[in-house]
Amino acid sequence: MKTITLAHGGGGEEMGELLALIFSHFDNAILKEANDSALLTIPARELSLTTDSFTLSPIFLDETTNIGKLAIAGTVNDTLMVGAKPEFLSLAFIIEEGFLWADFEKILKSIKDEAKFAGVKIVCGDTKVVPKGSADGLFINTTALGRLIKPCRTQNLKAGQKILLSGDVGRHGAAVLVRRNGLEADIKSDCKSLSEEVLSLLNSKLSVVAMRDATRGGLSAVLNEWATQSGLELCVREEAIAVRDEVAGVCELFGFEPYELACEGTFVLAVEEEDAVAALEILRRFNPSAALIGELGAEKKARVILENAYGARRFLELPKGELLPRIC
């Protein structure tokens, strides 16, 4: 069975073969001109720039989700969260010697499909092959350049604004747990680019204040970050937060809090009170689990209060310790 060898990173004929494989998946005029650096023509306006590195174990979570899809979705979503439309991506691979050629092709196809879905062009990149044992199979680094549509900043969070959630929580982290431990639970990651729903919000007349994708640390991390940055008490209703039964079961088995597990296709949104209903209508076009989950209170106490269906209240604290490494 064909594998990637150190020769594929050596600059010679074998490296040409590897690059030919990569380029065969990403066909655009900019990439054809240069693969190390790209010349881009961009009208003068505000831009966004984000970079991220991805290490996922296992590299393949299911038939549709792998480190390639995750790399594109994660970088695209980070760009969208500041109110920008991602347009150009760089793509760099660190490949461990012995990585299966066929598996690399599957990952490239996932990258191609997700980039097409998100509407972004891959315009430059890099490839390195390292000796066996020097990497966890495959690492991916991406950088995205985007055009600002409507600035979304956590500095603008204030009392009275409503907090919405675009879907159910904890599914990506639970999928990694299940796959890593060889369990039979039918849980698939929510990994996806959020371009459609976020651009629908940004291109509307709604006052989108702040957005954040609930990745490492999950919903708990986002809400506590917003509480700290705003200096306000956030009040959240537990019954409004969608958690799938299978995710809750995995959390019970391993002792995790579902609100602390990573999502890769769910984001948190803050809007002005008068726009909350309209924003929720937009979100529910894409995910029926979207919900209005709470609001920023007037009390100047940087904390998150979680209230259950019976009126009992508790603190939703920032995740502590090493929750689940190598998930994104």
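## Views of the predicted model

**Figure 1. The whole chain.** The protein chain has nine helices and 11 strands. Its radius of gyration is 21 Å, close to the 20 Å that the globule rule gives for 328 residues, so the chain is as compact as a globular protein of that length. This is a predicted model. Along the principal axes, the C-alpha atoms fill a box of roughly 65 × 50 × 30 Å.

Figure 2. Of the 328 residues in the protein chain, 54% are buried. Take the contacts in the chain with a separation of 6 or more: 86% of them join residues 24 or more positions apart. The chain exposes about 14900 Å². Carbon and sulfur atoms supply 51% of that area.

Figure 3. Rolling a probe the size of a water molecule over the atoms shows where empty space is left. In this model the count comes to one cavity of 30 Å³ or more. The volume of the largest cavity is about 30 Å³.

**Figure 4. The lining of the largest cavity.** Which residues line the largest cavity? They are Ile42, Leu47, Glu87, Phe88, Leu145, Gly146 and Arg147. By class, four are nonpolar, one is polar and two are charged.

**Figure 5. Strands around the largest cavity.** Strand 2 covers residues 84–96, and strand 4 covers residues 138–148. Each of these strands supplies at least two residues of the lining. Which strand gives the largest share of the lining? Strand 4 does, with three residues.

**Figure 6. Val208 in strand 6.** Val208 lies in strand 6, which runs over residues 208–213. Is Val208 buried or exposed? Its relative accessibility is 7%, so Val208 counts as buried; the cut-off for buried is under 20%.

**Figure 7. Contacts of Val208.** Neighbours within four places in sequence are left aside here.

**Figure 8. Val208 and Gly231.** How far apart are Val208 and Gly231 in sequence and in space? In sequence, 23 residues separate Val208 and Gly231. In space, the distance from C-alpha to C-alpha is 20 Å.

Terms used: Residues are numbered from 1 along each chain as its sequence is written. This is a predicted model: local features need pLDDT of at least 70, side-chain atom pairs count only at pLDDT 80 or more; totals for chains, interfaces and linings use all residues. Side-chain values use heavy atoms; hydrogens and water are left out. On a 1 Å grid over the protein atoms alone, a cavity is a set of points where a 1.4 Å probe fits but cannot get out, and a pocket is an open set with protein on both sides within 12 Å along at least five of seven lines; lining residues have an atom within 4 Å of a point. Grid points are joined across faces, edges and corners, and a volume is the space filled by probe spheres set on the points. Helices (H or I, at least four residues) and strands (E, at least two) are DSSP runs, numbered from the N terminus. Ala, Val, Leu, Ile, Met, Phe, Trp, Tyr, Cys and Pro count as nonpolar, Asp, Glu, Lys and Arg as charged, and the others, Gly among them, as polar. The radius of gyration is taken over C-alpha atoms; the globule rule is 2.2 Å times the number of residues to the power 0.38. Buried means under 20% relative accessible area, exposed over 50%, partly exposed in between (1.4 Å probe, protein chains only). Contact means heavy atoms within 4.5 Å. Accessible areas come from the Shrake-Rupley method with a 1.4 Å probe; for residues, only the protein chains shown count as cover.
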